[in-house]
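Q: I'd like to learn how to read sheets, helix contacts and pockets in a model. Could you walk me through them?

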Amino acid sequence: MPDVPIVDSHLHLWDPTRFRMAWLDGDEVLEKPFGLQEYREHSAGLDIAAMVYLQVDVDPAYGVLEAQWATALAAQDPRIQGIVPWAPLEYGDRVRIILEALHAISPLIKGVRRLIQAESDVEFCLRPDFVRGVQLLPEYDFTFDICINDRQLASVVKLVRQCPGTQFILDHLGKPDIAHRALSPWREHLAELASLPNVMCKLSGMVTEADRRNWTVDDLRPFASHVLEVFGEDRVAFGGDWPVVLGASSYKRWVETADQLTAHLRPEAQKKFWSENARRFYRLA
């Protein structure tokens, strides 16, 4: 286990009895409440110093309500030091009223996420209104979490190039096909994205893209090594992706795995990975 306090840059909490979450329908592992008590149980023995709550793809009608709910959870556990809610950035300038509402809820709201991964159009993120919505985020001191799959990565590079004033962080390495060891063209596109200075990357969500029942650390290592190489020690952060991670691993096993994948880093770089990079990106206390 890491010997430094952990800032988990990617935590989900949810209650499908409160918010409609269609993507959970029929999921035997995840279709139930996962709250602070469950997280404390699953993370017992780990030195979790801070967490960043990421939106959980509630149906859009609940978007602002989810942000309010997450803020209330932060009052129960002050380790929740950042919140990243949903916003319909494809509305372009008309998203301002939602960004204003989110900004007014709490200073804990640090950025937004609008999932792209399920869009069939690989150039969805290049639609002019979407680009405009992303360009507006710095006006509210918001960052953008990029959640895509690997086939959308080339388009995201073009998006980021059009938004030099926005700070981005890539969730889950861009979801490469780890199960089939498909390094290319993900590897080349990721290097191009990493060449842009306003992008960071989370080492997260890997085990659910691998063979969920039979993955090993060695299956993940080529992908993690490439991320660390192209982004460097200042732009990679740990993300737990709990409870989604439970589809392939316990939370503790994923932390142990991330520790093995970064064990070769010098001590200063390990502190950056486990804590300092996430604190800097999300402007945590």
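Q: How do E1 and strand E2 pair, and over how many bridges?
A: Strands of a sheet pair through backbone hydrogen bonds, either parallel or antiparallel. Here E1 and E2 (residues 48–54) pair in the parallel sense over 4 bridges. Helices (H or I, at least four residues) and strands (E, at least two) are DSSP runs numbered from the N terminus, and two strands pair if DSSP finds at least two bridges between them. A word on the source: this is a predicted model, where local features need pLDDT of at least 70 and side-chain atom pairs count only at pLDDT 80 or more, while totals for chains, interfaces and linings use all residues. Residues are numbered from 1 along each chain as its sequence is written, and side-chain values use heavy atoms, with hydrogens and water left out.

Q: What is the order of the open sheet of 3 strands, and which are its edge strands?
A: The order is E1-E2-E3, with parallel pairing. Its edge strands, each pairing on one side only, are E1 (6–11) and E3 (80–84). From one strand to the next, the twist averages 15°.

Q: Which helix packs on that sheet?
A: Helix H9 (residues 267–282) does, touching E1, E2 and E3, and its direction makes about 55° with that of E1. Touching is a matter of contact, meaning heavy atoms within 4.5 Å. For angles, axes are lines fitted to C-alpha atoms (for helices, over the stretch in contact), and the angle runs from 0 to 180 degrees between N-to-C directions.

Q: What is the strand order in the open sheet of 5 strands?
A: It reads E4-E5-E6-E7-E8, with parallel pairing. E4 (111–113) and E8 (236–238) are the edge strands, and the twist averages 30° from one strand to the next. Inside this sheet, 3 bridges join E5 (residues 143–146) to E6 (residues 168–170); Phe 144 has Phe 168 in E6 as its bridge partner.

Q: Now helix pairs. At what angle do the axes of H2 and H3 cross?
A: Angles under 35 degrees count as roughly parallel, over 145 as roughly antiparallel, 65 to 115 as roughly perpendicular and the rest as oblique. The axes of H2 (residues 63–76) and H3 (residues 96–105) come within 10 Å and cross at roughly 10°, which makes H2 roughly parallel to H3. Val 64, Ala 67, Gln 68 and Thr 71 of H2 meet Ile 98, Leu 102 and Ile 105 of H3. That contact has 5 nonpolar, 2 polar and no charged residues. In this scheme Ala, Val, Leu, Ile, Met, Phe, Trp, Tyr, Cys and Pro are nonpolar, Asp, Glu, Lys and Arg are charged, and the others, Gly among them, are polar.

Q: How much space lies in the largest pocket, and which residues are closest to its centre?
A: On a 1 Å grid over the protein atoms alone, a pocket is an open set of points where a 1.4 Å probe fits, with protein on both sides within 12 Å along at least five of seven lines; lining residues have an atom within 4 Å of a point. Grid points are joined across faces, edges and corners, and the volume is the space filled by probe spheres set on them. The largest pocket holds about 410 Å³. Of its 23 lining residues, Trp 23, Gln 117, Lys 175, Asp 241 and Val 244 are the closest to the centre. The lining divides into 8 nonpolar, 8 polar and 7 charged residues.
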